[in-house]
Amino acid sequence: SSSAIGGRWRSASRMSDVARRIAHTLKARANTVGVRGIATLTHQMEDILQALAQHEALPNRALAETLLNAADCLESMSESLLGMSAPPSQAQAVLQEVLDWANRIDRYGIPADDDAPSPVAAQPTPVASVEAEAEADSAAPATGSTTAPEATLRVPAHLVDELLRLVGESIILTGQVQEQVRKTVAHTRSVMGQNRLFLQLTNELEQLVDIRNVSSPLSRSIQRGDFDPLELEQYNELNTVTHRLVEAVTDTRELDRAIADNLSTLDSLLVDQSRLHRESQEAVLRTRMVPIQSIVPRLQRSVRQTCRLVDKEAELTVRGADTPVDSNVLNDMVDPLMHILRNAVDHGIESPAERQRLGKPPVGHIELQVLREGNAIVIRCQDDGAGLNLDIIRQTALERGLISADQMLEDEALIRLILLPGFSTRGAATQTSGRGIGMDMVYSRLLEMKGSLHIQSKPGAGCLMEMRLPVTLIATHALLVRLQGRLYALSDRGIEQILYPGAGTIQRLGKITTYQVGEAIYELSSLETLLNLPTDQRSQHRAEPPALLVREETGVIRAVLTQEVVDSRDLVVKPLGRYVPKINGVVGATILGDGSVAPVLDLPELLRTPVLLQTASADQSTSPTASAPRRQTALAVDDSLSARRSLAQFAQDAGLEVRTARDGLEAVEIINRKRPDIVLADLEMPRMNGLELAAHLRANQATKDLPVIMITSRSTDKHRLEAERAGVNVYVTKPFVEDELLGHIKKLLHPS
């Protein structure tokens with residue numbers, strides 16, 4: 001209708017005014033700083049826009065294309081000044097074209113209306129989005145007149161990085177405090193259990209004293225003969241001490257409860273503090289976040305330039321342009337995005353004549369959708385072109401020897417071939433394609449950024465490329481798993497599901513091990529194999545371990561067995577540093593609550609390229625797994641908890657695997673299950689002392705040669721002689737000298 005056309009004309013006029021103001025401002029600022037090229041080009045553009053405004057006219061298609069070319073050239077110049085790209089090679093040609101139009105308008109005036117298409121058709125499709133932005137800009141002062149503009153500050157990037165580092169250190173420290181609180185709570189529960197045992201023993205002692213009339217001879221001598229103990233309570237020193245013990249135990253129990261309440265309150269406060277730290281980290285991260293909108297002009301310019309090179313028409317629509325992304329992530333994904341868009345125009349979008357023949361609009365459509373899903377940024381690029389030609393891809397793969405003639409591949413596997421280095425379906429190289437380095441570069445960059453790429457194509461209906469990238473590369477949500485006594489952090493990237501032990505069935509199909517859950521069958525790997533660790537012999541006697549379902553970059557889901565899933569938490573990931581070479585599958589390292597350092601692993605990358613954590617010499621014919629030495633085991637036997645822990649820590653520091661027992665009887669049970677390499681035993685213990693333990697070991701055929709070191713506070717010759725008769729190899733008195741004891745251990749374990 002005429003009213004709609006008039007509305008579009010008014011909108012275009014407002015857009016022209018905005019463009020003229022921008023050109024004038026840019027010209028003035030370029031002159032101020034002495035950038036003559038930008039100043040000259042914008043001056044000529046301003047003259048043309050001024051003439052159009054005076055005659056209330058819109059440019060015809062040719063003039064509009066020239067102005068768009070000039071705008072793209074200005075953007076390239078600006079990016080060159082910022083060091084983001086090389087100077088535009090066509091700058092002089094663009095300036096000459098603008099000058100020709102300015103001279104023509106000066107001599108002959110604005111092109112006649114007959115030369116200009118209708119207001120709707122005169123505007124190239126990408127300008128429609130600019131027009132909407134111009135309307136929003138013109139409406140902004142009206143809506144913003146009642147709201148004061150938000151104050152902003154310029155903060156150096158290194159200062160933001162330092163704030164993030166400090167917040168990360170605070171999160172790590174809070175986690176360590178929480179771990180210490182958890183340990184203190186566990187110790188408090190142990191103390192409460194000991195107090196309950198102490199109370200029970202005290203009650204038994206009280207019964208012996210009061211009910212069974214167990215007392216000292218002196219107390220019996222002073223008893224009154226005319227009263228029976230049941231008729232009158234007789235108190236002596238033993239009774240008094242017993243009652244004081246009962247009262248002390250009761251008071252200790254009350255103190256334990258108060259300590260437990262205080263620890264519970266402290267734990268709640270630490271949870272709140274941890275939440276505030278995470279919020280602080282997110283707030284600091286937002287200072288590094290920039291919207292996708294900041295790169296949309298470059299993407300639109302790339303589409304326009306590609307359309308000119310291949311003589312096609314296409315429009316780009318961006319949805320979710322206000323989604324914030326880490327600036328480092330955004331800068332790294334600009335080039336992959338631009339290449340995907342160029343591919344969509346060059347390989348996907350058909351020519352206008354072909355599209356009309358197929359019943360499609362002459363102008364192709366590319367939609368770029370950006371959204372956030374959890375800790376990932378999802379970017380979907382969908383075009384309405386011809387889609388991928390699988391027949392040509394297969395033919396190219398056959399010609400290059402990538403597949404055999406009798407090899408049948410599914411469509412998804414054929415599509416993944418375009419990601420191989422040097423793969424191209426074009427016979428000759430052009431300015432836009434044919435070199436075989438495009439999609440390979442895109443995929444490699446995504447893998448470096450810990451991202452993934454999924455491709456779907458329908459013949460005649462276009463192609464969808466979906467990229468998943470982390471929101472930020474600073475922190476990650478991870479699973480803590482225990483493997484052979486060590487903790488590893490598994491980044492949650494790609495982890496689809498955690499399966500409890502026994503949820504599936506392990507089967508062997510030829511050379512492949514599978515994991516079946518219901519009707520689904522997945523290829524199975526173990527985390528030990530992926531990390532190339534020695535096989536734990538004890539795993540054969542354990543119950544079936546839990547499994548993780550992991551989605552690879554190709555979209556295939558595989559199962560990974562792990563020994564134990566301990567916890568799930570947010571972790572601050574620290575880089576390994578420039579002195580550590582790149583290790584496949586290792587994102588970095590994190591500091592756990594107990595202060596230990598755990599590697600952060602990326603399972604999709606591990607499945608793609610297993611890591612080699614151990615090396616073997618060049619002349620080894622066996623694998624590192626087979627040649628890995630077995631850790632020797634020590635059994636520490638002592639009835640004192642502190643002495644037992646101290647002895648176990650000493651043996652661990654000496655490189656031994658340690659087990660502990662409270663007395664000789666418990667030690668015999670442990671030795672019967674698995675024979676240690678050496679026994680470190682105390683002399684005086686309940687139920688079975690050290691002498692009895694040594695005699696038992698020497699009488700048993702399986703343990704008669706087991707080395708025994710006795711560590712005791714008894715230093716008399718009588719005790720030494722009894723120990724020698726019982727079969728003790730070395731007799732050491734407390735407090736022992738660590739170097740001396742270590743020498744005895746090495747001598748007994750390695751007699752040669």
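A residue counts as buried when its relative accessible area is under 20%, as exposed when over 50%, and as partly exposed in between, using a 1.4 Å probe and protein chains only. Helices (H or I, at least four residues) and strands (E, at least two) are DSSP runs numbered from the N terminus. Please keep in mind that this is a predicted model, where local features need pLDDT of at least 70, side-chain atom pairs count only at pLDDT 80 or more, and totals for chains, interfaces and linings use all residues. Residues are numbered from 1 along each chain as its sequence is written, and side-chain values use heavy atoms, with hydrogens and water left out.

Start at strand E22, residues 708-712. Five of its five residues are buried, so E22 is largely enclosed by the rest of the structure. In a regular strand, side chains alternate between the two faces of the sheet. Both faces of E22 are covered: one side carries Val-708, Met-710 and Thr-712, the other Ile-709 and Ile-711, and all are buried.

Now look at the partners of E22; strands pair if DSSP finds at least two bridges between them. Strand E21 (residues 678-681) pairs with E22 in the parallel sense over three bridges, and Ala-681 has Met-710 as its bridge partner in E22. Between E21 and E22 the chain passes through helix H21 (residues 690-699) in a right-handed β-α-β crossover; right-handed means that, with the strands pointing away from the viewer, the path from the first strand over the helix to the second runs clockwise. E22 also pairs in the parallel sense with strand E23 (residues 730-733), over four bridges, and here Ile-711 stands opposite Val-732. With helix H22 (residues 717-726), E22 and E23 make a right-handed β-α-β unit.

Elsewhere, an open sheet of five strands has the order E2-E4-E5-E7-E6, with mixed pairing. Its edge strands are E2 (314-319) and E6 (452-458), each pairing on one side only. Six bridges join E2 to the parallel strand E4 (residues 364-373), and Thr-317 has Glu-367 as its bridge partner in E4.

Finally, consider the nonpolar cores, which are sets of buried Ala, Val, Leu, Ile, Met, Phe, Trp, Tyr and Cys residues joined through side-chain atoms within 4.5 Å. The largest has 56 residues, of which Met-333, Ile-379 and Leu-453 touch the most other members. Helix H11 (residues 327-348) gives this core its largest share, ten residues. Another core, of 24 residues, lies apart from it and includes Met-45, Leu-67, Met-77 and Ile-110.
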